[in-house]
Amino acid sequence: MEIINESSYFFLLLFLVPLLPAAYLLLPNAKRSLAPVLGGIASFTYVLLASVLLVQLRSDASIIMQGAWFSVENAFSFNWSVEFSYLSVVMLALVAVVAFMVQLFSIVYMRNDTHFPRFLSYIVFFTFFMSLLVASDQLFLLFMSWELVGWMSFLLIGFWFDKSKASIAAKKAFLINRVSDIFLVLGLMIIYYQFETFSIREIASLMSEQFFVDGMWLVEHSTHTNQLPVTWFTLASVMIVIAAMGKSAQIPFAIWLPDAMEGPTPASALIHAATMVVAGIYLLLRLSFMLSFEASLLAVAIGSITAFFAGYSAIYQTDIKKVLAYSTLSQLGLMFAAVGAGAYDSAFYHLYAHAFFKAALFLIAAATIAKAKQSFQAANKKQYDPQNMFHLGGMRKQSPFLAVAFIVSGLALCGFPLTSGFISKDLILLDLSAWSLESSEAGGGLIPLLLLGFIWGTVFLTPFYMMRAYWLTFEGTASVSSSLENKNDNRWGLQKLAVAFLVGMSLFYVLSWNPLGGTTHLEEGLSNYFSTAVWQDLSWQNSILAFKGAFAVYVGVFSVLLVIGALYLSYRRTKSEASAGMEHLLSKKLAFNFWGLNQALSLLFIVPGLVMIKLFHFIESKFLLPLARWVRSTASAGAKANQIPEEQLVVPLVDLLGIIMITFSLVVAWIDRVLVDGVTHFAARSVRTAGGMARSLQAGAVQTHILWAAFILLGVLLYVLVLVV
Amino acid sequence: MELNIYILIFFAFGSIALLGGVYILFTSNVLRAAFSLLATMLAIAVLYLLLNADFLAISQLLIYAGGILVIMIFGVMFTNRFAERAMYTETHNRLPALLLTVGLGAIFYVSLFQLNFSSLSWQNQELNVQGSIIENVGVLMLSNYILPFELIAVLLLIALVGAVYVARKDHEVK
Amino acid sequence: MIPIEYFLVLAAALFLVGLAIVITKKNAIVVLMGVELMLNAANINLVSFAYFDPILMQGHFLALFVMVVAAAEAAVGLAIIIKVYQYFKTSDLDKITELKG
């Protein structure tokens, strides 16, 4: 391990350089003609930097650069620190390469958009923030970049902000992510309390010397020992898992990802498929030493449930981008489950392989949609939606290249042999099978087996929906006869290059020279990065290893058979579906809407407020008013019975009641006016006052300027006086 | 400290100077303010005499009373829109100004009385200044302070030429 | 002799009055008067300290130069005021808020 201090971090400054052209592209009057060159070069710079790191780094070393960041007087001082370990550099290279390919693709794809330069600039900024997230060794810095990539995701989902659906989806994604980020903050608080540092490296070294004694969690510092009940350790790791669930769109936070498809498709390829959404899994991998048994269990459960149900929903989607979105959810679920099962390396292999072929699939979808849009427009069929697979069809004839690319990357997603997906998925399957059988034996009962069932179900579902998507989009008869001549647009070449590269990267050699698995390229570098999970004892590890040795071949063969079977079944079913169209069974509707998760969440969090309002209304109309009527009628009846003039008994009672109700309503009105409105008015007024004061600085009224200057002088003098006296 | 004649003179003319300034602050008649400034300047000249600075006192009379004040009164005349009426000025920013002056005044007061001037060594040195200082001023001005003297002369020339240029009659008024 | 604090207090008071005039008065000429008052306050300080420096008389000379600069400032300032008055038809500073030339 090599620690480099402040003196030589000029290398890091190189990461900032591409932001200059990107910032230029953000300017409203940036030259459109410059955008492709600047954006392309900026993205390529990250590829170069990542390759430099990749070449420089020996597999067992890691470079750490750190420096003072900020300090709160005498209490805290924070360092920023960046770690280029094997894991982070591979991830960095992955982000940079995919971002560069997406950038190349968008240079052509987005060229007619009004905000074309802004889009390219966002991609560059995103790459930077993601690099920061990936490389940062400091949890605080990581959290900051975590928020920043979320922000870029918000901007890119809402890129076409004049589309109301897009802006709503952007807000939804942003807010749901905030909810999960609160858990990250809470988790970081516990971690900081206990470790008194945010540096992952230092936490790891402190963790290795930690003790769990008598239900206490001890962390030994040089001068003192911090201790908390073990529950806090569990709590911290569960919080981190929940935060990762939000970023990686696991149930129940999953609802933002399908909606995020409202953004431009290249952005979906980069952010909502290949890189940003895996940040949650990456975080868990970085903090794998922190994952307690409970947190791991949560990850496996959530991951396998998400994988299965998202995969099932993908079968019923009509929108091609939605199919890919649900498949992303499903694959993320697999990785999540693998992390929970302690198979950190397998999870990372799948993350790595998935990034390439999922980006490829999204780019292919983007190109297909663009082509379909052109031909729909040429045929003047406005009612056809170019994203709806039932309106597509026959795209193979229009673009054989795209069809082949879709087949290859789709097979990689399914886990077909000779692809990278096969290798990584196989490893995950093996690990999860071992995990579930072991934990079932260790007293888990049926639940681990059920989760395993979900995982294998996912393996079956993936080819099913991919075949369906392929068939509906590329085969069959075209809904619009392609009158458009496939012009040899020379710019199409750039798109083709990006797609071809990513498709090429979804074949087996990316992970391993052996098409059937075996040792992967990453294994050597990662082997000393991931230790075994904290909750695994020695006998557990041995039985897992034994299981793997015995069943590796069977798992592989069985999964391939499953894939082929699913492909065939889906082929049969889709042919009939394509002719019959969608039926609307309840189960289908449920699956189409992702099991009503949206509705369930709004039922849980939004409906209570509405219910309260209804309740108050109910109390007033059904209880208070009848009470008043009842008092009046009984009083008048009593007056009649006792021969008392009505005015003496009834009128005072009714008056009293009236006074009570008026007082009550006055109180309510006061609360409404002073507390509810008052807060808003106060906020508005203080903003206006502050704005007026700020404006007066620039209003050209010379005496006001003198006044401000004199007040500043007053402040300075006061400060000096306080210092001296 | 015994009450000698100098203290009396200081208080008399100091209060004239201060009252003159305060009158400018509170009057709205511009011409009266100008004459009140004249009174202040004259009183300050007397204070200079108390401080053994007779050359400065004369200069104060010449420059302020004789020069600047006249220019100001000219200015009043030039910018008076209604020739038959006296010129008035309005005020604004009253509350911030009050806050500011009170604040600064408090700071000045506190910081002045933090210092014990009589403990400073140069305060108690023997001063045997007899007669006028004009001779000394003349010698110093042409020896030690010759460069600032030249510079200030050039500055004054430039300022006067500039003032004439700025205020000249513009022939191509649209 | 008169204690130096007396002069300093008087100068401080004159300075504050001048500052108040500069800030509150709308008429540019009165504002100029306020500036003169502040300069005079500074001069009083200079001269009162120079009383203890009869050989070099640095305070005297600085005060003298301040006077000359004040004279120049008054001349240029009034020239500008007259020009501004011709252009805006007012010498009220709060109405002259246009920053462009």
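This is a predicted model: local features need pLDDT of at least 70, side-chain atom pairs count only at pLDDT 80 or more; totals for chains, interfaces and linings use all residues.
Which residues does A:Leu363 touch, not counting residues up to four places away in sequence?

View 1. Leaving aside residues up to four places away in sequence, A:Leu363 touches A:Phe105, A:Pro266, A:Ala269, A:Ala498, A:Val499 and A:Leu502.

**View 2. The largest nonpolar core.** This core holds 221 residues. The members that touch the most other members are A:Val98, A:Leu270, A:Ile281, A:Ala359, A:Ala360 and A:Leu363. Helix H15 of chain A (residues 344–378) provides the largest share of the core, 22 residues.

**View 3. A core apart from the largest one.**

**View 4. The contact between chain B and chain C.** Chain B contributes 67 residues and chain C contributes 60 residues. On the side of chain B that touches chain C, at least two residues each are supplied by helices H1 (5–26), H2 (30–50), H3 (54–78), H4 (94–114), H5 (134–141) and H6 (146–167) of chain B. The largest share of that side, 11 residues, belongs to H3(B). By residue class, the side of chain B that touches chain C consists of 45 nonpolar, 20 polar and 2 charged residues.

**View 5. The fold of chain C.** Chain C contains 3 helices and 0 strands, and its elements follow the order α-α-α from the N terminus on. Of the 101 residues in chain C, 58% are buried. Among contacts in chain C with a separation of 6 or more, 44% join residues 24 or more positions apart.

Notes:
Residues are numbered from 1 along each chain as its sequence is written. Chains are lettered from A and ligands numbered from 1 in the order in which they are written. Two residues are in contact if their C-beta atoms, placed from the backbone, lie within 7 Å. Helices (H or I, at least four residues) and strands (E, at least two) are DSSP runs, numbered from the N terminus. Ala, Val, Leu, Ile, Met, Phe, Trp, Tyr, Cys and Pro count as nonpolar, Asp, Glu, Lys and Arg as charged, and the others, Gly among them, as polar. A nonpolar core is a set of buried Ala, Val, Leu, Ile, Met, Phe, Trp, Tyr and Cys residues joined through C-beta atoms within 7 Å. A residue is buried if 20 or more other C-beta atoms lie within 10 Å of its own, exposed if 12 or fewer, and partly exposed in between; C-beta atoms are placed from the backbone.
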